[in-house]
Each structure stands twice: as structure tokens, then as C-alpha cells.
There are 2 protein chains.
Amino acid sequence: MNYLKIFSPATVANVSCGFDSLGFAVDAVGDEMTFTKTAEKGVKITEITGANLPYEIDKNAAGAVVQKMLLEANADFGISMTIHKGFSPGSGLGSSAASAAGAAFGANQFLENRFSELELTKFAMFGEEVACGSQIADNVAAATYGGFILVRSYHPLEIIKLPVPNELRLVAIHPQIEIKTKDAREVLPTKIPLKDAVTQWANVGGLIAGLYSENYELIGHSLVDIIVEPARKNLIPYFDVVKQNAINAGALGAGISGSGPTIFALCKGDETAQKVFDAIKNNYKNTGIEATAFISKVNNEGIKILEKK
Amino acid sequence: MNYLKIFSPATVANVSCGFDSLGFAVDAVGDEMTFTKTAEKGVKITEITGANLPYEIDKNAAGAVVQKMLLEANADFGISMTIHKGFSPGSGLGSSAASAAGAAFGANQFLENRFSELELTKFAMFGEEVACGSQIADNVAAATYGGFILVRSYHPLEIIKLPVPNELRLVAIHPQIEIKTKDAREVLPTKIPLKDAVTQWANVGGLIAGLYSENYELIGHSLVDIIVEPARKNLIPYFDVVKQNAINAGALGAGISGSGPTIFALCKGDETAQKVFDAIKNNYKNTGIEATAFISKVNNEGIKILEKK
């Protein structure tokens, strides 16, 4: 194989109650990346479209991951890449994670798949660090494994792939405002009441039980975040209105994707998803804030190969 | 039916990471209770063995539950009860819960099973309040539903029955010291670091995923409590020694049952359970503390009918 083209999905992390623990992959939105084997060692990025990202390998999430993997595998060849962003950095949909996880997956294809999904997740976390300054796992694990994932532990890293009920649909709206990661972190409480933590972990338990038992009602009841959402929603104009409109239109629940500003809603079935989409797609009209909305299945396969030769 | 004899199980609540949320029912230990229909209205307790508990209906967890149910159902008959405690109050194994849940189940049999398991849990919670001063759900729900349960929410009450992997076994040891409920509550932190809460809810998620997927290794990794156990273990002499011995002998994990002092360990299979039992059964020898240990399956059926006529 000399050439590979892949789709690497957007991801929703911090799924309501599951702050820093639960994420899932998106089917309809993501990046396209190509990888071409070169006789010359080293990594090159020849084209980036859809976002203004650095071409320097050390500063690019995808480039840094591929470089690290080729070095670690002691590869006698190089890789030349192109990155076509299908969604914006800063959306809260795991933009750097899609690039980093896609890069890890792509490089692995040229290395006879020697690395496991867990190892690819670790490489991609290194890419996240290059892009964002910290090794976050939930977005890159969701992109790598597909479906819903639980980051059970960081030390050692343990990722659990959870089942995805067949009719689960995502509706998301991205109001195009900037939320600084620093601000999103600073509004979080450092300490929380034990009783709120109990409420939250009972909801994490309910959400996971709902995914395993395909109990949409339980998923809906459990999609509640009493800790992070109340702190962060003030960074997202009209969050409460959008969330309420989604729920009124039949969504199981709604919340902040990642650290925002994208707002996501989970729904049962295409028909309800369409209603929820219709109910929220114009919520930012006349507010002076541009917004784009989409409907998607949950992507259960993770990164997909589009072409290889 | 004029006569009913039942077994109502002991229960382990606060299962490691699942403080106030996760419980399960025990197969080998519990109470026996009898119920006899009487023409005269009202409730009587004619015999209590195995523990020193009040015969006054208003002060007895079981008596108060049956009285409330007969009143609510406007029953034209009464019930006379006997209670034979198979384990001690104050053990941390849900003694009042066994009585209260057993009472609710028994009375329901004479009321044509008009009340659902959720309603029975609510009645039994009233019994818990009579005995302990607060309406706790995890023990009574585990006794009522059997198996592993998640208290997903208190308002409204929502109980989720979780699957029990076939080879899951319990080993427990009850050092006969008294822990006052007040002390057990007072040592708890009122606030906890958000990052510890995240670790804890990731473990709750892992434990529930492990139960659904029969992944004993994952169950073991997830049986970790970094919040309540560190605060409460100092109330239980030799806790660390017993826990370490259990884990060294092959237990998946170990923790405090309820608010103690019973220490429980979960194991995969009878052989390992026997090794763990052997490793901990004499841990209180020569300490001046009496202790009793037992092995049990997880009871997946809840309360069982032993005889009816």
C-alpha cells in the first residue's frame, strides 16, 4: 500500500453526566486525511484545507503523531499527508482529536497494524497534547474505537467500548463563538458536594445501563449533568433556550459537547431527530451569532478507510 | 392463602465506588419471616428471634411497613408476624432492610400483589426510616429486586436492576464491633475534589459495564472507592490487612459493606472464593474482636417464598 484516504470522525466528549469519562463518535461530520508513503524518511504535510493549522510537524497534532509512530517503529520510510478539516477547531467536537486519532490510525496502516487500539489512543493523546496542551483521552478514544466509550482509567489507560442502541441519533448545533479552553476550565468548581457527586455517578451508571439494555427512557433520565453544565452553560449564549427546545421537541436529553460551544442532543429515531433539528436549527437567528446544525447517527466503527492503493 | 414463610436476604450496599447508589443481595444469609392472616384487623409481631428488636409495631421496621400497607390497601384483615433474624443488626449487611423489604413483600402476597417492586421498595424505605431515621433505598431495593441494583434517582425513585455474572461470589467477614451510624456519616467529607469524583464515576461506569459484559477483570479494576472508603476504613480495625489478604488470595476487589463493619470481597468462581475465605476467616484471631465470615452467591431472585398455605 502506498496511498490511504480515511475519514476520521468528530466526537462528543463530556457526555452530560460523564465529564472527562464518556464520549462518542459522530457519523456525519469529520475530517478526511490522506497518507502517501515516501521513500524519504520523515513526515510532511502538503495540504491543509478547512482550517488554519500549522504545517510544522512538531506543532501539528496529526504530524506529531505520525512522526512519533514512525520513529518508535523505526520505519525505513516516510509519510506525506493532507488534512481536510470537515469541521472547525474550537467547536467542541474534537477537531484536534479527529486529526490526531486519524493520523495514528493512518500511520498504523503503513506499519502492518502493529499497534493496538489502546496504543493508537495513547499516540493520539500525544497529538492532543501538541494541539491543546494536555493529554485528554475521551475524544481520541471515541474516534479510535467508534461508538460510545468510557475512559475507565488514565493510569493505566483503560478504554471500555460501550454498545450503541440502534436508533440513537445525534442533533448538534454549533454557535460560532470562541470559548477559550482556559475559561472553560476556570469556571469549573475544584470541589463539589459529595451528594452532587453521588447524583452524578448514579446518572453515569444509568446512562451506561441504558446503553447496554437499549433503554432509551433510562438514557434520557440519565442525561443530566448537575456539576459541569451549570458552570459552563453561561459561556454559551442561549444554551438554556436551545436545550429546552430540543427536549420539548422530543430529545432524550441535551448538553454541552466537549467544552462547548456546540450543544448536542441525543434522540431516539430519525423522525424525532428531524423534529429536534427543526426546533433548534434557527435558534441563533437574529442573535448576531452564526450557527450551523446537523443530524447524525452515532458512528459505531470509528475511523473509516475511504480508499487505499 | 393464610400463611406465608419467606427468606429475605442480607444485602451489600455502597458497593465500593457506588456509595449510595449500588447494592446487591446475598444468597447465603438473611432473615426468615412468617405472616399469618388474621380476621382481626391490625398487625401483631408474635415472635422475634436472633436479635433484640422492638415488638411495638410503630417502632419495628417490619411491623410499621405491614401496618402502612394494610391501611393504604384498606384491607379488611390483619397480619400476625414472626421475625427470625439470620444476621445481626449493626453488621452493615442491611438488617433492617431485610426486615422491611421482607415485610413489604410478605404483605403484598396477601394483597394480591397489587404493589409493584418499585412501590414495595418505597414501603420498605419507610421501614428503614422507622429503624434508622432515614429513607435509604440501596439495601431495600437490592433485597426486593435481587441481584445488583442501581438507585438511579431518589426523586422520583428509579431502581435499575443490573445483570449478575454467573460466577460472581461474595466473601464477607463481620468483625463484631459497633459502628454508630452517626460516626459513619460524620467521617464523610461534605465536599470532594472534582477530579476524585471523575475517577469515582468512571469506576461506577466500569463496574456497571463489567456486570453487563461479564468482564470480571473490568469489575475488579472498577471495585475501587477513593472517596468513602479512605474516610471510613479507620472505623474498622485491620481493614487494610483484611482487604489486602482478600486481594492477594485472588479477590476481584474488596470494600466496606454498607457503613460497615462487615468487609466484603467479590470473587470469580467458587474456588477463588474459598481461597479468599480461607485467607480472611481468621484475620481477627488474637485481636480480641470476634468475627464471623461466610461465602455466598449473589442472590439474583431477591426475597424467596419458602412455604405458603
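Author: Helices (H or I, at least four residues) and strands (E, at least two) are DSSP runs, numbered from the N terminus. Residues are numbered from 1 along each chain as its sequence is written, while chains are lettered from A and ligands numbered from 1 in the order of writing. The model is predicted, so that local features need pLDDT of at least 70 and side-chain atom pairs count only at pLDDT 80 or more, whereas totals for chains, interfaces and linings use all residues, and side-chain values use heavy atoms, with hydrogens and water left out.

Reader: In which loop does B:Asp20 lie?

Author: B:Asp20 is a residue other than glycine with a positive phi, near 60°. Most residues other than glycine have a negative phi. Its place in chain B is the loop between strand S1 (3-13) and strand S2 (22-38).

Reader: Does B:Asp20 count as buried or exposed?

Author: The terms rest on relative accessible area, where buried means under 20%, exposed over 50% and partly exposed in between (1.4 Å probe, protein chains only). The relative accessibility of B:Asp20 is 17%, and therefore this residue counts as buried.

Reader: Leaving aside neighbours within four places in sequence, which residues is B:Asp20 in contact with?

Author: Contact means heavy atoms within 4.5 Å. With those neighbours left aside, the partners of B:Asp20 are A:Val198, B:Asn14, B:Asp138, B:Val151, B:Tyr154 and B:Arg185.

Reader: What is the relative accessible area of B:Asn286?

Author: B:Asn286 also has a positive phi in a residue other than glycine, near 65°, and its loop runs between helix H10 (270-280) and strand S11 (291-297) of chain B. This residue is exposed, and its relative accessible area is 79%.

Reader: What is omega near for the cis peptide bond from A:His155 to A:Pro156?

Author: Most peptide bonds are trans. A:Pro156 is placed in the loop between strand S5 (148-154) and strand S6 (157-162) of chain A, and in chain B a cis peptide bond joins B:His155 and B:Pro156, with omega about 0°. From A:His155 to A:Pro156 the bond is cis, and omega is near 0°.

Reader: How many of the 20 residues of H6(B) are buried?

Author: Helix H6 (residues 194-213) of chain B reaches 28 Å from its first C-alpha to its last, close to the 28 Å expected at 1.5 Å a residue; the expected span is 1.5 Å times one less than the number of residues. After H6(B) comes B:Glu214, whose phi is positive, near 50°. H6(B) is largely enclosed by the rest of the structure, because its buried residues number 17 of the 20.

Reader: Is B:Thr199 buried or partly exposed?

Author: B:Thr199 belongs to helix H6 of chain B, and its C-alpha is separated by 53 Å from that of B:Thr38, 161 residues apart along the chain. With a relative accessible area of 34%, B:Thr199 is partly exposed.

Reader: How are H2(B) and H3(B) oriented to each other?

Author: Axes are lines fitted to C-alpha atoms, for helices over the stretch in contact, and angles run from 0 to 180 degrees between N-to-C directions. Helix H2 (residues 95-110) and helix H3 (residues 117-132) of chain B pack at an angle of about 140°, with their axes 8 Å apart. Angles under 35 degrees count as roughly parallel, over 145 as roughly antiparallel, 65 to 115 as roughly perpendicular and the rest as oblique. H2(B) and H3(B) are therefore oblique.

Reader: What is the relative accessible area of B:Asn108?

Author: B:Asn108 is found in helix H2 of chain B, and is one of the residues there that meet H3(B). Not counting residues up to four places away in sequence, it touches B:Met69, B:Asn113, B:Arg114, B:Phe115 and B:Leu120. B:Asn108 is buried, and its relative accessible area is 3%.

Reader: How does H1(A) lie relative to H2(A)?

Author: Helix H1 (residues 61-72) and helix H2 (residues 95-110) of chain A pack at an angle of about 30°, with their axes 8 Å apart. That makes H1(A), relative to H2(A), roughly parallel.
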